[in-house]
Amino acid sequence: MKRSCLKFILISALFFAGCTLANVKVNVVSQRTTLENQVLGSYNALSDEVLLVASVRGVEPSGTIKTPPRHSKEYQNAVQAIETIAFHADDMELFKRLGWVGENNQGFLTSFPMDKSKVPPDLKDSADRFKEEEFAAIITDVNGARTVVMQRVIDTNENLTEKDLPEIRKVFGKLNRENALPGDKIQNEDGSWSVKP
């Protein structure tokens, strides 16, 4: 959507400036594939459902308790997975800033040694509160939640099957690389690791 708005603004600016479009070439650097759009659509729908569930009141205006709607176990697991990812978002940001975690090319987190000797002074207190066991448990929780979300994408999309899981992982890996902040460790498609500029 941002790219289409950018194109519209560019074309409008050229039109109103009296320029001709005959020599203008618009080069779109990256277009989403159909699979990426399906994954994003499913993920965004799930995220929207979580927000909706969180915003629904549990009490009727008359004061009686409202019975929540019944959902499948898979749905409940997916909602819990999104909540787990959101709950640990601040920790993930810290771990990435410290270089302890990177986004791999399969849509998961990869942990690196917790080198506390290289922690910047402004992050020392935050880093010192994490023991290796807790750090490992958080990474395991987030990766487990990501697995559930990926499975939910397959379950809720009639065009996807279990055979598509490797490609879905690659899509999540790509999306996570794109969303990584400068300084975050990311694994490229070829398996090499780099720091996002």
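Author: Happy to, and let's begin with Asp-141, which is partly exposed because its relative accessible area is 41%; buried means under 20%, exposed over 50% and partly exposed in between, using a 1.4 Å probe on protein chains only. Before going on, please note that this is a predicted model, where local features need pLDDT of at least 70 and side-chain atom pairs pLDDT 80 or more, while totals for chains, interfaces and linings use all residues. Residues are numbered from 1 along each chain as its sequence is written, and side-chain values use heavy atoms, without hydrogens or water.

Asp-141 sits in helix H6, the part you asked about; helices (H or I, at least four residues) and strands (E, at least two) are DSSP runs numbered from the N terminus. Setting aside residues up to four places away in sequence, Asp-141 touches Thr-84 and His-88, a contact being heavy atoms within 4.5 Å. Thr-84 is 57 residues from Asp-141 along the chain, yet their C-alpha atoms are separated by 7.4 Å.

Asn-143 is another residue of H6. What surrounds Asn-143, once residues up to four places away in sequence are not counted? Asn-143 touches Phe-108 and Leu-109. Asn-143 counts as buried, because its relative accessibility is 16%.

Now for the helices that H6 meets. H6 spans residues 132–155, and it packs with helix H4, residues 89–98, at an angle of about 115°, the two axes being 11 Å apart. Asp-91, Met-92 and Phe-95 make the contact from the H4 side, while Phe-135, Ile-138, Ile-139 and Val-142 make it from H6. Axes here are lines fitted to C-alpha atoms, for helices over the stretch in contact, with angles running from 0 to 180 degrees between N-to-C directions.

H6 also crosses helix H7, residues 165–179, at roughly 120°, and their axes come within 10 Å. On the H6 side, this contact uses Arg-146, Val-149, Met-150, Val-153 and Ile-154, and on the H7 side Leu-165, Ile-168, Arg-169, Phe-172 and Asn-176.

Asp-91, Met-92, Leu-94, Phe-95, Lys-96 and Leu-98 are the buried residues of H4. They pack against H6, and also against strand E1, strand E2 (109–111) and helix H5 (124–128). Just past the end of H4, Gly-99 has a positive phi of about 80°.

Lys-96 of that buried set leads us to the charged pairs. Lys-96 and Glu-103 form a salt bridge whose closest N and O atoms are 2.6 Å apart; the term means a side-chain nitrogen of Lys or Arg within 4 Å of a carboxyl oxygen of Asp or Glu. Both Lys-96 and Glu-103 are buried.

How does H6 come in? The Glu-103 side chain meets that of Arg-146 in a salt bridge as well, at 2.8 Å from N to O. Because Glu-103 belongs to strand E1 (residues 101–103) and Arg-146 to helix H6, this pair ties together parts that are 43 residues apart in sequence. Arg-146 is buried, as is Glu-103.

For a pair in another setting, take Lys-118 and Asp-115, a salt bridge with its closest N and O atoms 3.9 Å apart. Lys-118 is exposed, at a relative accessible area of 68%, and Asp-115 is partly exposed, at 31%. Returning to Lys-96, Glu-103 and Arg-146, salt bridges that share partners join these three into one network. The structure holds eight salt bridges.

The protein has seven helices and four strands, which run α-α-α-α-β-β-α-α-α-β-β from the N terminus on. Of its 197 residues, 33% are buried. If you take contacts between residues at least 6 apart in sequence, 57% of them join residues at least 24 apart.
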